[in-house]
Amino acid sequence: MTTTSPVYLDNAATTKLDPAVLEAMLPLMTEQFGNPSSIHSHGRQVRTAIEKARKTVASLLNTSPAEIFFTSGGTEADNTAIRSSIDTFGLTHAITSPLEHHAVLHTLQHLAQAGTIRLSMVDIDEQGHIDLNHLEKLLREHRIAGGPSARSLVSLMHGNNEIANLLPIERVGELCRAYDAIFHSDTVQTMGHFRHDLQTLPVDFIVGAGHKFHGPKGVGFLYVNADTKIHPFIYGGAQERNMRGGTENVYGIVGLAKALEIAYAEMDQHKQHITSLKRRMIERLREGLPGVSFNGDSANIDSSLYTVLNVSLPASELNDMLLFNLDIARISASGGSACSSGSNVGSHVLAALPGIDASRGYVRFSFGKYNTTAEIDYAVDTLVGLYQKELTL
Ligand SMILES: Cc1ncc(COP(=O)(O)O)c(C=O)c1O
């Protein structure tokens, strides 16, 4: 492989649109242009396409279409779940972790600063695992302090986008049920990569974003458990059964449903392919780069978000320029610096991990169905080549 072929290893940030998804979207961008709220035939045609997409998403997740609401993406879905449940149920306490995406963390921190809620952070261990005993203690304490009707909101992500840890989502859901807490799980990174069965999963809210599974950007969805009726987050017209005002992103919605359909149909095959790429990168880096290690659970092949690998590199002057040097070599990866000084904003996830060594270099590679073994080898050879002189291998 030459440096003229760019290598995209940032699939947790976004993924390439599947051509079959584009094909499904095109009619909605051209001939089928009606407003789905219009009652004439142009409108009805597009309304039918939206409802078909809703049915597809619902049936893949084994739930009812009445529980699926389309949004502008993962961030809006997370905001809706958090803000609307706090508003609807008058919640005064929320529990989250320092490892959440900013769509969750900044929303909850804002509500805590405004005095709307008290925010508790659940303890995590060195690897970033959630301490379930501490979670239970926080739930119990809120009940003792506020009486049997005091409910908490728990917001914990299913798959971490930086360190690939997976939440034991069923156990957390059962714990939340036991304490009558509302449970929102940010499933943006696992949607389309793991199966979610909403008949059995004890959750109130989960979310999806089309662009993380080879669908379009700017569209997502929120699952709202039928027993957890909430007020809208965005007020306006009667779209999304009065739950989310605004003319629908119709081609986005149709594209998202098509992308999720493909992801489910091809999941086992893609999981196997992506896992083999990740395994190869881990093994080759261990061979070629003494002192390399991996953050969180990302190198645990059987128990991590298989699309993500967070590489920790020995202390070196090269570390500050790591992403830049990879970019020069036409490799797109993502940062994961624990340093939060100067222009390098750093990763709040790595910074929150107890015992993280800020002198080490960090890079997140994230894989997708279009990646090849040759690309993995090129990325490993480039990384090893960069550090070879420095580490006098
Ligand atoms: C875990 C997680 N939650 C939420 C989001 C936000 O999704 P969107 O970009 O669709 O708003 C992302 C995207 O990076 C994510 O990785």
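1. A259 is buried, with a relative accessibility of 2% (buried means under 20% relative accessible area, exposed over 50%, partly exposed in between, with a 1.4 Å probe and protein chains only). A259 sits in helix α8 (helices, H or I, have at least four residues and strands, E, at least two; both are DSSP runs numbered from the N terminus). From A259 to R284 the C-alpha separation is 32 Å, with the two residues 25 apart along the chain.

2. A word on the model. It is predicted: local features need pLDDT of at least 70, side-chain atom pairs count only at pLDDT 80 or more, and totals for chains, interfaces and linings use all residues. Residues are numbered from 1 along each chain as its sequence is written, and side-chain values use heavy atoms, without hydrogens and water.

3. Next, the cavities. There are three of 30 Å³ or more (a cavity is a set of points on a 1 Å grid over the protein atoms alone where a 1.4 Å probe fits but cannot get out; lining residues have an atom within 4 Å of a point). Helices α8 (250-265) and α9 (267-288) are the elements that give two or more residues to its lining.

4. The lining of the largest cavity comprises 14 residues. G192, H193, H214, A263 and H270 lie nearest the centre. By class, seven lining residues are nonpolar, five polar and two charged (Ala, Val, Leu, Ile, Met, Phe, Trp, Tyr, Cys and Pro count as nonpolar, Asp, Glu, Lys and Arg as charged, the others, Gly among them, as polar).

5. Two backbone angles deserve a look. Most residues other than glycine have a negative phi. E240, not a glycine, has a positive phi of about 50°. E240 lies in helix α7 (residues 239-242) and is buried, at 4% relative accessibility. R330 also has a positive phi, near 65°. R330 is in the loop between α10 (322-328) and β11 (331-332). R330 counts as partly exposed because its relative accessible area is 37%.

6. Helix α1 (residues 19-29) gives the most, with three residues. L17 is in the loop between β1 (7-8) and α1.

Methods. 1 Å grid on protein atoms, 1.4 Å probe; cavity = no way out; pocket = protein on both sides within 12 Å on 5 of 7 lines; lining within 4 Å. Points joined across faces, edges and corners; volume = space filled by probe spheres on them.
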